[in-house]
Amino acid sequence: MKKILAFIMTSLIVVSMAACSGKKDEATDHGSDVSENTLSYKLIISCHEILENINHEQYGLKEEKKDLVPADGIVLETDAICSEGSTAFDVVISELKKEKIHFDADDGYLNAIANLYAGDCGEFSGWMFFINGNLAEMGASDTVVSENDVVEFKYIVDYNTLF
């Protein structure tokens, strides 16, 4: 009888240990899935060129909009995370919504951020997309964000100067 009880107790201990071990592995695996499917990036939305040209005859901002420009030229600067496969357009829209910053987007192009619209500083002005400090070769809706990318939207007063 003692042998049967010892066998049952040993079996219960082994089964309990195996169950706990399995749950620990599942929790570890789940945690690693989350980190494998997310990545970190930096988002910067700036309008320094508006400040530099605010009273310029050709590129100056409309008088009624001057109060909308942040004193430091930064609309938003944040470190954030996103899902793997997210585009630059996805992440900027997500952060603008999260921060409750006005925007107007059409077919993957940002017409306005913080009530500053394309055309407010002349016919060649508007929001341009940069990735890691360089003018993007593709649009924001076609650019997939990678780990540690710097995603930047800058208001440019004359986009012809970029080409």
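The largest pocket of this predicted model holds about 210 Å³ of space. A pocket here is an open set of points, on a 1 Å grid over the protein atoms alone, with protein on both sides within 12 Å along at least five of seven lines, and lining residues have an atom within 4 Å of a point. The volume is the space filled by probe spheres set on the points, which are joined across faces, edges and corners, and the probe is one of 1.4 Å. Of the 14 residues that line the largest pocket, Tyr109, Met128, Phe129, Gly139 and Ala140 are the closest to its centre. Two elements, strand E4 (109-113) and strand E6 (126-131), each give two or more residues to this lining, and E6 supplies the largest share, namely three residues. Strands are DSSP runs of type E with at least two residues, numbered from the N terminus.

By residue type, the lining divides into eleven nonpolar, two polar and one charged. In this scheme Ala, Val, Leu, Ile, Met, Phe, Trp, Tyr, Cys and Pro count as nonpolar, Asp, Glu, Lys and Arg as charged, and the others, Gly among them, as polar.

The loop between strand E7 (134-135) and strand E8 (149-156) contains Asp142, and Thr143 also lies in the loop between E7 and E8. The table gives the relative accessibility of these two residues, where buried means under 20% relative accessible area, exposed over 50%, and partly exposed in between (1.4 Å probe, protein chains only).

| Residue | Relative accessibility | Class |
|---|---|---|
| Asp142 | 51% | exposed |
| Thr143 | 11% | buried |

Although Asp142 and Phe89 are 53 residues apart along the chain, their C-alpha atoms are separated by 8.0 Å. Thr143, leaving aside its neighbours within four places in sequence, is in contact (heavy atoms within 4.5 Å) with Ser86, Thr87, Ala88, Phe129 and Met138.

Finally, the cysteines can be considered. A disulfide is a pair of cysteine sulfur atoms within 2.5 Å, and by this rule the count comes to zero. The sulfur of Cys47 is 8.9 Å from the closest cysteine sulfur, in Cys121, and is therefore too far for a bond. Cys47 is buried, with a relative accessible area of 0%, and Cys121 is likewise buried, at 0%.

Residues are numbered from 1 along each chain as its sequence is written, and side-chain values use heavy atoms, with hydrogens and water left out. In this predicted model, local features need pLDDT of at least 70 and side-chain atom pairs count only at pLDDT 80 or more, whereas totals for chains, interfaces and linings use all residues.

Terms used. Helix = DSSP H or I, 4+ residues; strand = E, 2+ residues; numbered from the N terminus.
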